[in-house]
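Take a look at the model below.

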There are 2 protein chains.
Amino acid sequence: MSFPLSDLTSSLRVPPGPVDLGAIDTNGAPGFDGDKKDGETALLALAPGLEDLQERLFAEGKSGGRRNILVVLQGMDTSGKGGTLRSTVGLVDPQGVRITSFKAPTREELAHDFLWRVTKALPEVGLIGVFDRSHYEDVLIARVRSLAPAEEIERRYQAINDWEADLAAEGTTIIKCMLHISAKEQKDRLLARLDDPTKYWKYNPGDVDERELWPHYQEAYRIAIERTNTKVAPWHVIPADKKWYRNLAIGTLLHDALQSFDLGWPKADFDVDHERQRLNDEKPL
Amino acid sequence: MSFPLSDLTSSLRVPPGPVDLGAIDTNGAPGFDGDKKDGETALLALAPGLEDLQERLFAEGKSGGRRNILVVLQGMDTSGKGGTLRSTVGLVDPQGVRITSFKAPTREELAHDFLWRVTKALPEVGLIGVFDRSHYEDVLIARVRSLAPAEEIERRYQAINDWEADLAAEGTTIIKCMLHISAKEQKDRLLARLDDPTKYWKYNPGDVDERELWPHYQEAYRIAIERTNTKVAPWHVIPADKKWYRNLAIGTLLHDALQSFDLGWPKADFDVDHERQRLNDEKPL
């Protein structure tokens with residue numbers, strides 16, 4: 001089985017060099033020639049393959065394998081990190097998934113290096129790990145809000161690259177995704193939350209304070225992506241105004257990464273005939 | 001909304017007093033008047049309600065609520081703890097679920113009290129936590145295999161009751177389930193794994209060693225259930241030879257527990273009109 005890097009996957013991978021987020025259409029659907037209904041159908045069509053591949057990865061992890069996957073989801077508020085998870089990772093066996101949502105760091109977390117808490121949350125072998133926000137917050141909000149000295153922020157880009165390179169060397173496939181929405185789309189989604197009492201709990205006035213710094217965040221994303229877009233841990237920018245495309249894109253990235261592993265099923269490390277005989281010859285219990 | 005304790009839920013709850021596991025038909029379907037197809041349909045019909053209730057619990061947890069759920073799954077090898085999870089917990093948003101599978105304790109875990117590792121794995125508020133095996137192993141295999149002194153095993157039953165009572169007092173609804181299969185069914189499932197190379201990884205010759213102690217395990221389960229079947233953390237014995245019934249049973253227990261919370265949606269803790277105005281009046285970004 002060869003690596004079936006689809007058009008969609010390759011369209012989303014950020015090429016090395018300067019990044020211009022403003023030039024990426026947040027409402028686009030790169031690499032996919034279809035509408036919403038086609039996109040939803042395509043994601044559902046991926047599901048059986050995703051389930052099968054995830055089980056093979058899990059089986060490999062239980063049998064001495066060292067591989068796993070880490071999906072890093074970043075994006076402005078309302079960009080749909082949660083909804084994506086539900087629609088993609090929600091397609092596979094929940095036992096094979098480890099999701100960690102990172103909030104503002106606790107006092108204990110702040111007392112350690114910024115990579116301490118993400119290191120603790122890494123998926124075990126055989127699992128698909130997902131970071132809903134991540135160590136990138138430490139060069140995004142931390143940069144925009146000056147939560148650390150400028151030299152410390154500067155230090156972090158290389159620290160991230162080193163940390164991710166170590167992870168990759170140990171067997172982790174890292175899929176970094178920025179869910180890219182427009183400021184207009186965010187405004188519409190925030191207003192929609194205010195119009196629906198079942199969504200009030202998702203609304204936080206502080207999100208609007210961050211929104212007012214939109215250009216600063218876009219700039220912080222640009223710098224972060226440019227400086228940490230490595231061969232072993234590349235960035236993908238996912239146009240995310242269309243929820244169906246965003247879900248299909250993440251589902252496809254996950255599927256393609258799993259398929260690239262060329263996963264078989266673990267061989268028996270015991271004598272199958274002998275075990276069968278043991279069971280068939282057993283004394284009454 | 002009153003507590004809609006269904007026939008199925010009440011059929012499965014173990015009444016206080018002596019327990020006779022041998023008298024419970026592992027191939028039965030108590031409280032459900034239907035066949036496999038009906039059972040599968042009934043579980044699917046539960047899904048939208050489960051999803052909605054789980055999101056409400058999650059929302060409550062994000063808004064100052066203290067409640068959550070802990071499902072404890074125990075059962076002999078092949079009883080279907082994993083398959084159940086996939087079919088029930090797999091129906092809800094994976095972000096709202098925390099699954100922990102407990103294996104033989106590590107050296108670090110053994111250096112602590114037996115409740116240390118389960119305490120660390122407790123779900124946060126708003127989540128559905130699942131223990132695939134649990135602290136009950138410390139009075140099951142530990143008793144059968146004499147992994148601790150007899151006095152220590154004796155001490156643990158009350159220690160468990162105290163620990164669970166504290167959890168319940170803090171807001172956790174505890175649902176303890178024994179997936180009850182027959183020795184014959186286990187044998188068939190083990191043989192089936194030996195007949196299918198995609199299942200070899202699930203087969204462990206050590207499982208047959210444990211199987212040979214079947215009556216001892218049944219006795220250890222009986223004692224554990226009798227001594228820890230408390231009002232705040234009751235046991236359910238789930239006939240599990242029929243996979244469809246087992247899944248429906250666990251799905252229903254979870255659904256009924258969530259429904260008993262009478263969950264609304266959190267109220268806004270901000271001024272909705274003011275926030276709408278802030279967004280509509282904002283300067284260009």
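**Where the two chains meet**

In this predicted model, R86(A) and E51(B) form a salt bridge, with their closest N and O atoms 2.5 Å apart. Between chain A and chain B the count is 10 salt bridges. There are also 18 residue pairs in polar contact between the two chains, both residues at pLDDT 80 or more.

Which helices of chain A each supply at least two residues of the side that touches chain B? They are α2 (36-62), α3 (81-88), α8 (183-194), α9 (205-211), α10 (214-228) and α12 (272-280). The largest share, six residues, comes from α12(A). By type, the side of chain A that touches chain B divides into 24 nonpolar, six polar and 17 charged residues.

Now the extent of the contact. Chain A gives 47 residues and chain B gives 47 residues. About 4600 Å² is buried between them, and carbon and sulfur atoms give 62% of that area. R86(A), W201(A) and L279(A) supply 17% of the area that chain A buries against chain B, more than any other three residues.

Next, the symmetry. A rotation of 180° with 0.0 Å of shift along its axis superposes chain A on chain B, with an RMSD of 0.0 Å. The two copies are therefore related as by a two-fold rotation axis. The same surface serves both copies: 100% of the contact residues of chain A recur in chain B. Of the residues of chain A, P94(A) comes closest to the axis, its C-alpha at 3.3 Å.

Last, the record. An unreviewed UniProt entry lists residues 35-259 of chain A as "domain: Polyphosphate kinase-2-related". That span is 53% helix and 14% strand, and its end C-alpha atoms lie 25 Å apart.

Definitions and conventions. Residues numbered from 1 in each chain as written. Chains lettered and ligands numbered in written order. Predicted model: local features only at pLDDT ≥ 70, side-chain atom pairs only at ≥ 80, totals over all residues. Heavy atoms only, no water. Least-squares fit on C-alpha atoms with pLDDT ≥ 70 in both. Contact = heavy atoms within 4.5 Å. UniProt positions renumbered as here; feature names shortened; annotations may be inferred. Helix = DSSP H or I, 4+ residues; strand = E, 2+ residues; numbered from the N terminus. Buried area = accessible area lost by both parts, 1.4 Å probe. Salt bridge = Lys/Arg side-chain N within 4 Å of Asp/Glu carboxyl O. Polar contact = N/O pair within 3.5 Å; in protein donor to acceptor, adjacent residues only side chain to side chain. Nonpolar A, V, L, I, M, F, W, Y, C, P; charged D, E, K, R; others polar.
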